[in-house]
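Take a look at the chain below.

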Amino acid sequence: IYLDTAPKLLRSLRLGLDARDATAVHRAAHSLKSSSANLGALELAALCKELETMGRTQALDQAGPILAKLEIDYTTVQRLLQDELQANSKA
């Protein structure tokens, strides 16, 4: 489920930031934070928390670099999850 929903939330974050829509950033970051934390991707969840706070406080000026780091970290999490799913399917 995470691998299906996370890319949509990342896209919502990017679109929200591009549009300077703090509410959209807050919502998407909150959802991605929760699902990432539940999965154990705590660094990713921490970045989401920063974006969530920025969205809630309408302070998006420094959000771009955080989102860029989040996107890179997500790629790592995605790869690890896909590797784990492949390993489990072979077992």
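A residue is buried under 20% relative accessible area, exposed over 50%, and partly exposed in between. At 40% relative accessibility, lysine 69 therefore counts as partly exposed. Keep in mind that this is a predicted model.

**Helix α1**

Helix α1 covers residues 2-18, which makes 17 residues. From first C-alpha to last, α1 reaches 24 Å, close to the 24 Å expected. Its buried residues are Tyr2, Ala6, Leu9, Leu10, Leu13, Gly16 and Leu17. Down the axis of α1, these fall within an arc of 130 degrees, so they line one face of the helix. What covers them includes α2, α3 and α4. On the other side, Asp4, Lys8, Leu15 and Asp18 are exposed. Just after α1, arginine 20 has a positive phi of about 60 degrees.

**Salt bridges**

Side chains of opposite charge can pair when their charged atoms come close. The count here is five salt bridges.

| Glutamate 71 | Arginine 14 | 3.0 Å |

Glutamate 52 is buried, at 6% relative accessible area.

Aspartate 73 and lysine 69 are four residues apart in α4, so about one helical turn separates them. Aspartate 73 is buried, at 13%.

Which residues form a network of salt bridges? Arg14, Asp18 and Glu71 are linked in this way.

Conventions
Residues numbered from 1 in each chain as written. Predicted model: local features only at pLDDT ≥ 70, side-chain atom pairs only at ≥ 80, totals over all residues. Heavy atoms only, no water. Helix = DSSP H or I, 4+ residues; strand = E, 2+ residues; numbered from the N terminus. Expected span 1.5 Å × (residues − 1). Buried < 20%, exposed > 50% of the residue type's maximum accessible area, 1.4 Å probe, protein only. Arc of directions from axis to C-beta. Contact = heavy atoms within 4.5 Å. Salt bridge = Lys/Arg side-chain N within 4 Å of Asp/Glu carboxyl O.
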